[in-house]
Amino acid sequence: MEPGRCRQRPMGRADGLRPQLSVVREMAAAGPPELSSAVSRCVRPHNIVPRLQQGRYTGHGPTRVSQIPDSLLRERDKIAKWNGIPHLVQKLYENSQPNNDDLLLCQGILKEIAPLLSMEAMAFVTEDGKGAQESKFPNTHIFDLFGGVDLLVEILMRPTLAPQKKKQKMSEDLIKDCLSILYNTCICTDGVTKRLSERNDFVLFLFTLMTNKKTFLQTATLIEDILGVKKEMIQLEDIPNLTNLVASFDQQQLANFCRILSVTISELDTGNDDKHTLLAKNAQQKKVAGPSRAEINQVTLLNIPGFIERLCKLATRKVSETAGTSNFLQELEEWYAWLDNALVLNALMHMATEETDQSSSTESADESVLAASQLRSRLPQSMKIMHEIMYKVEVLYVLCVLLMGRQRNQVHKMLAEFCLIPGLNNLFDKLIWRKHSTNHVLHGQNQICDCSPEISLKIQFLRLLQSFSDHHENKYLLLNSQELNELSVISLRANIPEVEAVVNTDRSLVCDGKKGLLTRLLQVMKKEPVESSFRFWQARAVESFLRGVTSYADQMFLLKRGLLEHILFCIIDSECKSRDVLQSYFDLLGELMKFNIDAFRRFNKYVNTEEKFQIFLNQINSSLVDSNMLVRCIVLSLDRFESQTDAVKVAEVISQCCLLSYMSHVENRLSFLFRLINIIQVQTLTQENVSCLNTSLVILMLARRKGKLPFYLNALRGKELSEKYPGFLLNNFHNLLRFWQEHYLNKDKDSTCLENSSCIHFSYWKETVSLLLHPDQTAPCAIISYIDKAYMSVDKDFSED
């Protein structure tokens, strides 16, 4: 299953909802100080705004605030209550021209503008990101309408455009003021962020401002918002001196930089469900030649010396080692720029208000700074922990994405070398799972959610474990040395070869302490409240440890810790109704029980009444898409047990297990087969439900081994006729198998997952599909032989336009 982004968003944005009413960029030379009488007559107080709009789109009439007489601006300002913003923009334009060497005047003007816009931005943030309306946030809208945004972009970029000898040196305060005003306007005024994102030169220029520690926070926040709406992903290799830029970051800055990186290394989401079908994905892959921009950016990051090592240190650093938190926070008014959680923001604002009330109304600026410094130094330990949690979320997300990329093996080697897993194990109790979160509502795995930092940390941690363990021998780093020895003992007692990956695991890189990370996860999983959606993520993480070639020792290691009983309790006794959670538990149960006779005996011991068994079957049948992997496990295990030489022992085992006994009846297998084929079509296949097609193929492959494939096909034909839908089922299955060939026989497609999940060589999968699709209408194993000519539509084109 493809993992979904449960990411925190920085702050609410209101971009891209309607065309932006802005003036053309103030790049031209200043116009004449006075307009002709004809133009003056056109620009009357009551129609300044529409005339600016017309100039913007047609080029006729005034196109910048400098072309409007100051007297008209002031007259209209009194009526419209623009708070003098157009006049300030006009002054800013006049004092920021290239022939003006004194930028101090510009800074003074920005100091007047900034409070008018920051109040609106703070109101927007503290009102839970509600959509901004022009009437509600007029200052930022008017500032942009009269060209303020474009003028600030010109001011910031002017040093890069001026000749080398004439470059103006801009103060840090001026840069900070420009960035803060731009960000506040982006928050409150629709379309500004999108418009800025279309200027690649400006976007890349912003990265150069990140080298200055005093302007880093404002720059990083603005970049993140711009990249969040940018249609085309930037190329990290286009950023000037990227390696030196990253090397210049301290650990806190690097953590914030990860927020930006997350946008550049994740594949863009179309946001349209029908575009997530496998058919659409395959068509898109055919159009795109070579690696995607996200994949190229991942390689760029991995080539930065020391980058992964620094991320590992960030992810595993203890809270007690956090130093300089107050220095990182800098100024009280900047805190909201990186805080995601509105409750945290409100708490800080409340503390600041108390501090201000206690101070004298006549205190000097120096005294105000001192008060703010004292406030920061008194931040409670819980706030420092929250700060640590928030940036670990970003770091873990970046590592998780890299683990799922094409350079996975390289990333794995580096994460193991830099002891990421032992470090996370040491943080588990004190930070990652330091308390049980209750009364929280989480979204499904493929939905965007606005979770608290603590919830997000848990989810990103579980996703990282899932990606780290999935089909990779490094999964044994989640154990400690004693637990690795336990696996060896299990193999020895069962008289089976020890897993090679266990033997080859470097003991110096595994978890230390009394318990490994996997064991700790099992403990919190069993204590998780019934209604908690963490159950989904926990089950996925544990299941990934079992994926790959089935290992009896791995299964027994988990069985001995009561995992099977816990899963069955959740499915049967806890009245769990979450589809996501049930699906994850069915998948985990399938991996845990596959080919393991001891697991089936344990199942029968727990499901010891007919009532329990019927509840279990009802849960399976209520959504076969969710439970089909478990059905596949039962069918495969039954076939494995039946193929053993001791027929008496096999009969005894089957008779002792209600689950195996139920599946041993051919009519039950046929019932599952019919429903599996019936609930999917080529046009609706996704990464989630394509497993139904593969499970139906497993049933037919096992039938083929026993020479019963024609019997099954004839039974499907009979089922069609009894349901009075002749040809529908078999035609649909024929189309599904044709798509299967296109999808799984692609040279870039990894078929090992199918082999590992079934222990059936992929060549046998291909041969069986070829037999079923054979065009000879007399072939006993060809689907076409069982469809009457009147109902045949096997040549129907299933591809999308």
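Which residues does Ala539 touch, not counting residues up to four places away in sequence?

Residues are numbered from 1 along each chain as its sequence is written, and side-chain values use heavy atoms, with hydrogens and water left out.

Let me now answer the opening question. Ala539 touches Met525, Ser584, Tyr585 and Leu588, where contact means heavy atoms within 4.5 Å. Ala539 is found in helix H27, residues 534–546; helices (H or I, at least four residues) and strands (E, at least two) are DSSP runs, numbered from the N terminus. With a relative accessible area of 0%, Ala539 is buried. Buried here means under 20% relative accessible area, exposed over 50%, and partly exposed in between, with a 1.4 Å probe and protein chains only. Ala539 and Asp587 are 48 residues apart in sequence, and their C-alpha atoms are 8.5 Å apart in space.

I turn to the chain as a whole. It has 41 helices and zero strands. Of its 801 residues, 55% count as buried. Among contacts with a separation of 6 or more, 78% are between residues 24 or more positions apart.

On confidence, the mean pLDDT of the chain is 80, and 75% of its residues reach 70 or more; pLDDT is the predictor's confidence in each residue, from 0 to 100. Where pLDDT is low, the predicted coordinates should not be read in detail.

The largest nonpolar core has 230 residues, of which Phe202, Phe207, Met210 and Phe616 touch the most other members. Helix H20 (residues 381–403) gives the most to this core, with 13 residues. A nonpolar core is a set of buried Ala, Val, Leu, Ile, Met, Phe, Trp, Tyr and Cys residues joined through side-chain atoms within 4.5 Å. Leaving aside neighbours within four places in sequence, Phe202 is in contact with Val153, Leu156, Met157, Leu182, Leu196 and Ile226.

A further buried residue is Phe468, with a relative accessible area of 0%, placed in helix H23 (residues 453–469). Beyond four places in sequence, its contacts include Leu403, Arg408, His412 and Leu415. The C-alpha atoms of Phe468 and Cys400 are separated by 7.9 Å, although the two are 68 residues apart along the chain.

In the loop between H23 and helix H24 (481–493) lies His471, which has a positive phi of about 55° although it is not a glycine. His471 counts as partly exposed, at 30% relative accessibility. Asn495, in the loop between H24 and helix H25 (500–504), also has a positive phi, of about 60°, and is not a glycine. Asn495 is exposed, with a relative accessible area of 71%.

What of the aromatic residues? A search of the whole structure finds 18 aromatic pairs. Rings of Phe, Tyr and Trp (its six-membered ring) pair if their centres lie within 6.5 Å; planes under 30 degrees apart count as stacked, over 60 as edge-to-face and the rest as tilted. Trp82 and Phe146 form an edge-to-face pair, 5.1 Å centre to centre with 65° between the planes. The pair links distant parts of the chain, 64 residues apart, and both Trp82 and Phe146 are buried. Elsewhere, Phe428, Trp433, Phe461 and Phe534 form one aromatic cluster.

The buried residues of H36 include Leu670, Phe672 and Leu673. Among the elements against which the buried residues of H36 pack are helix H32 (610–622) and helix H33 (624–642).
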